[in-house]
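This briefing covers a helix and its surroundings, the sheets, the charged pairs and the aromatic rings. The structure comes first.

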Amino acid sequence: MAGGHRLLLENARQVVTVCARGERFLAGDALHSLAVLEGASLVVGTDGFIKAIGPADAIQKLFSEETFEERIDCSGKCILPGLVDAHTHPVWAGERVHEFAMKLAGATYMDIHQAGGGINFTVEHTRQASEEELFGSLRGRLQSMVRAGTTLAECKSGYGLDLQTELKMLRVIERARRQLPIGISATYCGAHSVPKGKTAVEATDEIINSHLPKLKELGASGEIHVDNIDVFCEKGVFDLNSTRRILQSGKEMGLQINFHGDELHPMKAAELGAELGALAVSHLEEASDEGIAAMATARCSAILLPTTAYMLRLKQPRARKMLDEGVIVALGSDFNPNAYCFSMPVVMHLACVNMRMSMPEALAAATINAAYALGKSHTHGSLEVGKQGDLIVINAARWEHLIYQFGGHHELIEYVVVKGKVIYKK
C-alpha cells in the first residue's frame, strides 16, 4: 500500500506527549509542566512507530493524499502515552483473599509470612499449577491491565523459589510476550523469599550456581528472554550481602538490576542500588536520606508502589523528598495476591493523594520514568516521532481527568493502542 499508514488520530483536544525533546526521563524542574499539544493529530506508520504529531490542520495538509488502515476522530478527547506499569507479580495460583481479612484484623505482613502464609502460600499453589493454568490466569490479568490503559508491564517470576517452577513462570511470561499485544519486560525474581528448609546463604548459592547459568543457557538458545534481575532485600529474607552477590551475578550475565529494597526495614538497599548501577529499586518506604541522595546521583530510579503502603498500612515512601532531591521517580501497581490492583490510573491517584505528588509528576512516573526504570524509555513512555505508537484515548477535555476521576478509568478510556493497532475499544 503506497503511502499507506496504520493509524490517524485526528483533532484531539489535547495530545499529552509528556516529553518533547527526546528526554529519557523527567526529574526535578522538568516535572513542573509536561509537554501538551492543543488541537493536534497523530500518525502511526505501518511499522508501528509514530510518524508525525502536530497541529491538526498541519497534519491534515501533510497527509491529505495518504491512506490509513484506521482513522479515529478524537474531537473533544485527549490522547496520552500508553501507561507503563514498572512492577507487577502477575503469574501465580492460589487466591489470598483470606489474608486480607487477617490484615484488617491487625496481622502484619511478616506475621502472615512467618505463619506460612503470604509468599509461601502462593508458592505452594504455583508449584502445583500447570503451565496452561498459569498462562490462562496471566492472560486474563494482562487484559485487565490493558483495559485500564497499561501498554507495557514489567512481569516477575518469584513464586517458584525452585528452578523448575521459576522456569515454568518465565516460560509463561515468554509465551505472553509472544502471543499477547501488551509489551512485557520479564524479570527473574527467584530470590523473592528463602525457600523452606534453606538458609538465605544456601538459597543465594543455589541461585548463583544453578538458576542463573540455566537462565543464561535458555537465553542463548532463544527459549526464554529475561530483561531484569530482582531480589527481595529485607530483614529475615535476603540481607545486603546476599542481595549484592545475586544482583552482581545477574549484572555480569547482562541482566538489568531492578530489585525490592528498604520496604519494611532500613536495609541500605537504596545505597546498594546506586553502587551497583541498578536501573531501579522498588518500594523504598524505609530508604535513608543518604540512599535517596545516592540514587539521585546515580540516576537509579525509584519505583514507588502506593498500593502496597495503602494495603499494608505502612508509612508511604517519601516521594516528595525524592522528587525534591532529583530522583527519577516511577510508579508501579505491585499487582500480586497481596495488593490486587490492575489500574495505573488508581495508582496515580493514590500517589497524588497519599504521597503528595502532583498530577504531572504522577503521569511522568507512570509513563516516561516507568519506561526508564525498565530500560525502554528510548522507545516507550512518551509520544514523539520515532517512538512506538502505544497510546490511550480518553473521553475528557483535559488529561487530568484520568487521575482525578478515582476509579473512573473504565468510563474514560475509549481506546488502547499498541504499535498503532487498537487492542481495546470501549
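The buried residues of helix H9 pack against strands S9 (228–233), S10 (256–261) and S11 (280–283) and against helices H8 (240–252) and H10 (289–298); contact means heavy atoms within 4.5 Å. The model is predicted, so local features need pLDDT of at least 70 and side-chain atom pairs count only at pLDDT 80 or more, while totals for chains, interfaces and linings use all residues. Residues are numbered from 1 along each chain as its sequence is written, and side-chain values use heavy atoms, with hydrogens and water left out. Helices (H or I, at least four residues) and strands (E, at least two) are DSSP runs, numbered from the N terminus.

**Helix H9**

- Seven of the eight residues of H9 (residues 269–276) are buried, so the helix is largely enclosed by the rest of the structure; buried means under 20% relative accessible area, exposed over 50% and partly exposed in between (1.4 Å probe, protein chains only).
- The buried residues are Ala 269, Ala 270, Glu 271, Leu 272, Gly 273, Ala 274 and Leu 276.
- Gly 277 follows H9 and has a positive phi, near 70°.

**Sheets**

- Eight strands make an open sheet with parallel pairing, in the order S6-S7-S8-S9-S10-S11-S12-S13; two strands pair if DSSP finds at least two bridges between them.
- Strands S6 (83–85) and S13 (329–331) stand at the edges with a single partner strand each, so one side of each has no neighbour in the sheet.
- On average, neighbouring strands of this sheet are turned by 25° against each other, direction ignored.
- H9 packs on the sheet, where it touches S9, S10 and S11, and its direction makes about 175° with that of S10; axes are lines fitted to C-alpha atoms, for helices over the stretch in contact, and angles run from 0 to 180 degrees between N-to-C directions.
- Strand S2 (residues 35–44) pairs with strand S3 (residues 50–55) in the antiparallel sense over five bridges, and Val 43 stands opposite Ala 52 in S3.
- S2 and S3 form a hairpin with five residues between them, and Gly 48 in the turn has a positive phi of about 90°.

**Salt bridges**

- The count comes to 26 salt bridges, each being a side-chain nitrogen of Lys or Arg within 4 Å of a carboxyl oxygen of Asp or Glu.
- Glu 154 and Lys 156 form one of them, with the closest N and O atoms 2.6 Å apart; both residues are buried.
- Glu 174 and Arg 178 meet in another at 2.7 Å, N to O, and both lie in helix H6 (residues 163–179), four residues apart.
- Glu 174 counts as buried at 7% relative accessibility, whereas Arg 178 counts as exposed at 55%.
- A network of salt bridges links Glu 174, Arg 177, Arg 178 and Asp 227.

**Aromatic rings**

- There are seven aromatic pairs: rings of Phe, Tyr and Trp (its six-membered ring) pair if their centres lie within 6.5 Å, and planes under 30 degrees apart count as stacked, over 60 as edge-to-face and the rest as tilted.
- Trp 92 and Phe 335 are stacked, because their ring centres are 6.1 Å apart and their planes at 25°.
- Both Trp 92 and Phe 335 are buried.
- Phe 335 and Phe 342 are also stacked, with centres 4.6 Å apart and planes at 20°.
- Ring pairs link Trp 92, Phe 335, Tyr 340 and Phe 342 into a cluster.
- Arg 141 lies over the face of Trp 92, at 3.7 Å from the ring centre; a charge sits over a ring if NZ of Lys or CZ of Arg is within 6 Å of the ring centre and within 35 degrees of the ring normal.
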